[in-house]
Amino acid sequence: MERGTGTSQPLEPAERHQPSFSLGNRLSRVGWGLCWLLLARWTPPPLHRWRCMLLRLWGAEIGRGARIYGSVRIWHPGNLEVGEGSVLGPRVRCYNQGRITIGRSVVVSQDASLCASTHDVVDPVFPLRLRPIRIEDHAWIAAEAFVGPGVRVGAGAVLGARGVAMRDLAAWTFFSGNPAQPLKPRPQLPH
């Protein structure tokens, strides 16, 4: 089908398989991947400051006291902001083709996934669509949970273990399930 018209005309092969990112972007990500592999991935857990420094050198905005484990996978550091005192636990996946913003004192637990992009399934070329994620202060993304493209996790919200958030999560509320459903209010933390 021809893009945007609804008429049936075949796409040219080159149009079907064009990369979503420039060669420069792809080379930068190769450099980043090698840097993380050689200088961070193998480091012992207490070396959070070292890993945060490497992320800053590659364009990430990392707040004081943030803790990022060596087994974390970050697609593009320039699209990552992590607030003061926040944690990206072991084996967290930040698929941040689009921007991921994490507030202060947020916990993203082990094996959780944050995915800030999707594809336009209506377009036959299947183009990438960047949809930023925002996780506000004091939120908790529990073990193996998934936060999908364009989702805003409100301040103090909790997404339970293996929960799937494909829509915004209200502040100071516990959520669970796939898709995530509100369970009960969460008491607000003292400032």
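Modeller: Let's sort out some words before we look around: helices are DSSP runs of H or I with at least four residues, strands are DSSP runs of E with at least two, and both are numbered from the N terminus. What you have here is a predicted model, where local features need pLDDT of at least 70 and side-chain atom pairs count only at pLDDT 80 or more, while totals for chains, interfaces and linings use all residues. Residues are numbered from 1 along each chain as its sequence is written, and side-chain values use heavy atoms, leaving out hydrogens and water.

The protein has three helices and 19 strands. Its C-alpha atoms fill a box of roughly 60 × 40 × 20 Å, taken along the principal axes. Of its 191 residues, 44% count as buried; that word means under 20% relative accessible area, with exposed over 50% and partly exposed in between (1.4 Å probe, protein chains only). If you take contacts (heavy atoms within 4.5 Å) between residues at least 6 apart in sequence, 23% of them join residues at least 24 apart.

Now zoom in on the loop between strand E12 (133–135) and strand E13 (140–141), where you'll find His138. His138 is not a glycine, yet it has a positive phi of about 65°. Is His138 buried, partly exposed or exposed? With 21% relative accessibility, it counts as partly exposed.

What does Asp137 do? It makes a salt bridge with Arg104, and the closest N and O atoms of the pair are 2.8 Å apart. Arg104 sits in the loop between E7 and strand E8 (107–108) and Asp137 in the loop between E12 and E13, so this pair ties together parts of the chain that are 33 residues apart in sequence. The term itself covers a side-chain nitrogen of Lys or Arg within 4 Å of a carboxyl oxygen of Asp or Glu. Side chains of opposite charge can pair when their charged atoms come close. Both partners are partly exposed: Arg104 has 43% relative accessibility, and Asp137 has 21%.

Glu136 has a partner too: its side chain meets that of Arg152 in a salt bridge (2.9 Å, N to O). This pair links distant parts of the chain, with Arg152 in strand E15 (residues 152–153) and Glu136 in the loop between E12 and E13, 16 residues apart. Arg152 has 33% relative accessibility and counts as partly exposed.

Take the link between Arg99 and Glu61, whose side chains meet at 2.9 Å, N to O. Arg99 is in the loop between strand E6 (93–95) and strand E7 (100–102), and Glu61 is in strand E1 (residues 61–62), so this pair ties together parts 38 residues apart in sequence. Arg99 is partly exposed at 25% relative accessible area, and Glu61 is partly exposed at 42%. A search of the whole structure finds eight salt bridges.

Cys115 lies in strand E9 (residues 113–115). It's buried, with a relative accessible area of 14%. Once you leave aside neighbours within four places in sequence, Cys115 is in contact with Tyr95, Ile133, Phe146, Val147, Gly148 and Pro149. Ile68, for its part, is 47 residues from Cys115 in sequence and 17 Å from it in space, C-alpha to C-alpha.

Trp172 is in the loop between strand E17 (164–165) and E18. Trp172 is not a glycine either, and it has a positive phi of about 50°. At 13% relative accessibility Trp172 counts as buried, whereas His138 counts as partly exposed. Further along, Pro179 is in the loop between strand E18 (173–176) and strand E19 (181–185). The peptide bond from Asn178 to Pro179 is cis, with omega near 0°.
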